[in-house]
Amino acid sequence: MDIYLGRQAIYDTRMNVFAYELLYRASEKNVSGVVDGDSATSAVITNSITLFGLNKLTEGKRAFINFTRKLIMEEMPHVLDKSAVVVEILEDIIPDQEFLEACRMLKEKGYILALDDYCLQNENMELLNIIDIIKVDFRLTTKEERVEIVQRYKKNKIIFLAEKVESEQEYQDAIDAGYKLFQGFFFSKPSIMTAKDFRGQTYHYLRILEELEAEEPNFSVITKIFESDVALSYRLLKLLNSAAFQTRSEITSINHALVILGLREIYKWVMLMMMRDMGENRPDELIRLSLVRGKFSELIMAETNHRERKTEAFMVGLFSMLDLLVGEELSTVLKEIPISEEVKAALLGESNIFSKVLDLTVCYEFADW
């Protein structure tokens, strides 16, 4: 299926790109179509990292991402590299002490915080003392209000971002008032990025969360659930290959990948993926065949002199139709997941122990005796 994401540049006073705001999009239409803020943000985060690649999306710049109160309280911004993101706090959040403490924790860990669509009626000094960037919507404020906002808070060393600037005159007014960052149709409209994806099974998410909430979570149980869902396994490897983790070692099994990630991060990512995928389940014969191939390849390898590598054989079978599931050339897809060169070679048709097992599996599948 096609996945969409909006991206709009944010410029500095020299007209250089300072950052990109990443926006939820449900289709090629350049409108958000947001119904649920939690799901929209979850989709932006998971799609940015596991499908598009955050660094590719932003060309090495920071990404402004909207966060709801719920996601901030659940520490979801922490799954992102602090040097790659600006945590954008929505204007409708009421900052009670619990929320303020969560924001202070982000600040102490080095995250940049931005306050979206600020107006003079929303004054909350405790929150403004934490904020690094104030975004001012030029469609919702008067020229006088925009000047007053800068004058009132410039002593706090806050950077002011002029949002929805639509004319050269508004751009010049913003510069004269002391704004340092700029965003709007005068500079560029959001561009639509597209990628291919396939959904995980909702009940798998629920089973993983149930196990994670146990008094003593069992890694073996969690591993088996991941191994039974091609989408989950693929996203797990894409995640570990992202800049947020920069995994240096080759992954030899799904269990190995989960151990590197850790229980706390597994919980956060499963929550994000579940919120994104909930309600959009669909059965897929390719996924069923992938799972059968994975298990059959594992069982065959267990009967050879290379039985200690059966988990890698499982991954060969599991990902043997990944190009069809993702909708991209297999050579391109495999560059984005940190599995061994031998596993990649087998998937690309080169002869080795894994390709021989996969060949036997496929022959059995087609009754090619």
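**Note on the predicted model**

1. Across the protein the mean pLDDT is 83, with 88% of residues reaching 70 or more, and it should be kept in mind throughout that this is a predicted model. Where pLDDT is low, the predicted coordinates should not be read in detail.

2. As to the overall fold, the protein has 18 helices and 9 strands, and buried residues make up 53% of its 369 residues. Among contacts with a separation of 6 or more, 67% are between residues 24 or more positions apart.

3. The largest nonpolar core has 101 residues, and within this core Tyr179 and Phe226 touch the most other members; the element that gives the most to the core is α10, with 7 residues. A second, separate core consists of 9 residues, including Ile10, Phe64, Ala114 and Ile133. In soluble globular proteins, nonpolar side chains tend to be buried together. Leaving aside residues up to four places away in sequence, Tyr179 touches Thr13, Val136, Phe138, Arg146, Val150, Phe160, Leu161, Ala162 and Ala174.

4. His204 sits in helix α8 (residues 202–212) and counts as buried because its relative accessibility is 3%, where the cut-off is under 20%.

5. Asp229 itself lies in the loop between α9 (219–227) and α10 (230–240). Asp229 is buried yet has no salt bridge, since the nearest side chain of opposite charge, Arg235, is 7.0 Å away, whereas a salt bridge requires the atoms to be within 4 Å.

6. In one of them, the side chains of Glu126 and Arg104 meet at 3.5 Å, N to O; Glu126 lies in helix α5 (residues 125–128) and Arg104 in helix α4 (residues 97–108), so the pair ties together parts that are 22 residues apart in sequence. Both count as partly exposed, Glu126 at 37% relative accessibility and Arg104 at 25%.

7. Arg139 forms a salt bridge with Glu170, with the closest N and O atoms 2.5 Å apart, and the pair links distant parts of the chain, 31 residues apart, from the loop between β6 (133–137) and α6 (143–153) to helix α7 (residues 168–177). Arg139 is partly exposed at 37%, whereas Glu170 counts as buried at 13% relative accessibility.

8. Glu365 and Arg293 also form a salt bridge, their closest N and O atoms being 2.7 Å apart, and because Glu365 lies in helix α18 and Arg293 in helix α13 (residues 285–301), the pair ties together parts that are 72 residues apart in sequence. Here Glu365 is partly exposed, with a relative accessible area of 30%, while Arg293 counts as buried at 9%. Apart from these pairs, Glu21, Glu88, Lys135 and Glu163 are linked in a network of salt bridges.

9. Finally, Asp359 is found in helix α18 (residues 353–365) and is partly exposed, with a relative accessible area of 46%. The C-alpha atoms of Asp359 and Ala346 are separated by 9.6 Å, the two residues being 13 apart along the chain.

Notes. Residues are numbered from 1 along each chain as its sequence is written. This is a predicted model: local features need pLDDT of at least 70, side-chain atom pairs count only at pLDDT 80 or more; totals for chains, interfaces and linings use all residues. Side-chain values use heavy atoms; hydrogens and water are left out. Helices (H or I, at least four residues) and strands (E, at least two) are DSSP runs, numbered from the N terminus. Buried means under 20% relative accessible area, exposed over 50%, partly exposed in between (1.4 Å probe, protein chains only). Lys and Arg count as positive and Asp and Glu as negative; His and the chain ends are not counted. A nonpolar core is a set of buried Ala, Val, Leu, Ile, Met, Phe, Trp, Tyr and Cys residues joined through side-chain atoms within 4.5 Å. Contact means heavy atoms within 4.5 Å. pLDDT is the predictor's confidence in each residue, from 0 to 100.
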